[in-house]
Amino acid sequence: MLIPNLMALEIGPALLIGGIGLIIGAGICFLVMFVLSKSKKDAALRDAKQIVRDAKIQAERITKNAEIDAKQAAFEARQQAENDIRSRKGEIQAIEQKLSLREQAIDQRDAALIQKENALEAKSESLDTRLAQVKKKSEELDEKIDQIIVELEKVSGMSTKDAHDEIMARVESKMSMEIATYIHNAEDEAKETAEAKARDLLSLACAKYAQDVTTERTVSVVALPSDELKGRIIGREGRNIQALEKSLGVDLVVDDTPEVITVSCFDPIRREIARRTLEYLIKDGRIQPGRIEEVSAKCKKEVEESCQKYGEDAIFKLGLPRINRELVGYLGRLHFRTSYGQNVLDHSMEVAYLCGIMAAELGLDQQLAKRAGLLHDIGKALDFEVEGSHVELGVRLAKKYGEPDVVINSIESHHGDAEAKYVIAHLVQAADTLSAARPGARSETLETYIKRIEQLETIAKSFDGVAQAFAMQSGREIRVMVAPERISDSEALILSQKMRDKIQNEMTYPGQIKISIIREYRAVETAK
């Protein structure tokens, strides 16, 4: 037990000394650290004060620079404002000078107008005075003339009307021969100049344009792959062909002609719809009443679209400005219309070309002339559906869609139904005649040709004094032989004019008809 106690006594002071040492070391460390932190804090305070001083110096420098810049900017702004004020003052002074000069000019003009007004008032008063004098003299002259007429009636024993009629009758009987001769000479002189100019103009127009000729058709032929399809088209108890004719409004001719069906109709639009419908049904193979109605409606729409396209193509080729869309559709319908074997749309385009060429040569509006020529036969697009001549229908369409007066007058006068009021209307007449009368442009049936020749000769023979009449050159000339003892030379001229008027009023013919009156008197005697 003694040994542990001694060991405890020895360990206790050692631990105490060690603890004291640790405490002293910790205190020394704390003291050192305190001293170091205080020195760093002092250094940081010194640095902060230095930074503040530098910042104040920098701020003062910046403030001074800003004040200097502001003063400079204010000075420059003041200078700019003064310059603007000076320039504005100069402009205002210039404007004031102009206004003062304008006021002076207005004052001078007012003074001149006042002088003119005074002069006009003086002239007006003078004219009023003269008019009063002239009116007074006229009344005095009328009174004297009335007195003279009364005295003349008393002396002659005739009234004024009787004397007038007597003088006119004598003058008419005496001057009829001279008037007829004068008319003949004037017409010859006019023809010499007019025909030469017209010949040059028309030859130039013909040289610049040429057009193919088509043949007239009132029927369309549809080819069949085989004759077996004829029975299918007719159908059981004729159901299919009846449905076709009812839906299309045409006549279908199914005869012994091999592999052919004929579509007959005077309306070219319905005939075209029927042709397309039959071709479509033949290709499709399903031929029955329900299918027929469906296909015919589809083909009708296709033909309407084709009409629109043909009309637009014609306008594009002629280079015309915009035309009403509905009128373009009517124009395209002319593609399926023929007249005397001539396609009406081609004929209208040909007339438009010729009118444009002649208008250009005469210095007229070329576009307006083309428009009038193109639309002159527009009424033929409706003459199968609406009552009335193609001239009346064309005028109605042109007015409905707001065409110019020149175009309307050209339509109503191109066959002489109305007076041509414009030069372009005369050009349309000439171009229409030229397009229709050129060789190969038109054809007509033998029956129509014979009737026209007979009617021409009948009209010529209906006049008194005509011995014989012969239609020549396919009805383009009529030669009339007159009795020389009944018709004089002057009367022959008057007879040709009357015959011309009657032919124009009673006949329908292509081109022109030349009337030649032949009078020959022979006195034969034999000396023995």
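Residues are numbered from 1 along each chain as its sequence is written, and side-chain values use heavy atoms, with hydrogens and water left out. In this predicted model, local features need pLDDT of at least 70 and side-chain atom pairs count only at pLDDT 80 or more, while totals for chains, interfaces and linings use all residues.

**Helix α5 and its ends**

Select residues 268-284, helix α5. Helices (H or I, at least four residues) and strands (E, at least two) are DSSP runs, numbered from the N terminus. The expected span of a helix is 1.5 Å times one less than its number of residues. For the 17 residues of α5 that gives 24 Å, and the end C-alpha atoms are 24 Å apart, which agrees.

Colour the buried residues of α5: P268, I269, R271, E272, I273, A274, R276, T277, L278, L281 and I282. Buried means under 20% relative accessible area, exposed over 50%, and partly exposed in between (1.4 Å probe, protein chains only).

At the start of the helix, show D267: one of its side-chain oxygens comes to within 3.1 Å of the backbone nitrogen of I269. At the other end, α5 is followed by G285, with a positive phi near 90°.

**The largest cavity**

A cavity is a set of points, on a 1 Å grid over the protein atoms alone, where a 1.4 Å probe fits but cannot get out; lining residues have an atom within 4 Å of a point. Grid points are joined across faces, edges and corners, and a volume is the space filled by probe spheres set on the points. The largest cavity holds about 50 Å³, and the structure has two cavities of 30 Å³ or more.

Which classes make up this lining? It has four nonpolar, no polar and five charged residues, where Ala, Val, Leu, Ile, Met, Phe, Trp, Tyr, Cys and Pro count as nonpolar, Asp, Glu, Lys and Arg as charged, and the others, Gly among them, as polar.

**Helix α6**

Move to residues 289-318, helix α6. Its 30 residues should span 44 Å, and its end C-alpha atoms are 43 Å apart, which agrees. Just after α6, G319 has a positive phi of about 70°.

Select D432 in helix α12 (residues 423-437). Is D432 buried or exposed? D432 counts as buried because its relative accessibility is 6%. Its side chain makes polar contacts with the side chains of H347 (2.8 Å) and H376 (3.3 Å). A polar contact is a pair of N or O atoms within 3.5 Å; within protein, one must be able to donate a hydrogen and the other to accept it, and residues adjacent in sequence count only if both atoms are side-chain atoms.

In helix α10 (residues 390-400), pick V391, which is buried at 5% relative accessible area. Its C-alpha atom lies 5.6 Å from that of E412, 21 residues away along the chain.

Finish at E237, in the loop between α3 (228-234) and α4 (239-248). E237 is exposed, at 75% relative accessibility. Its phi is near 55°, a positive value in a residue other than glycine. Most residues other than glycine have a negative phi.

Conventions: 1 Å grid on protein atoms, 1.4 Å probe; cavity = no way out; pocket = protein on both sides within 12 Å on 5 of 7 lines; lining within 4 Å.
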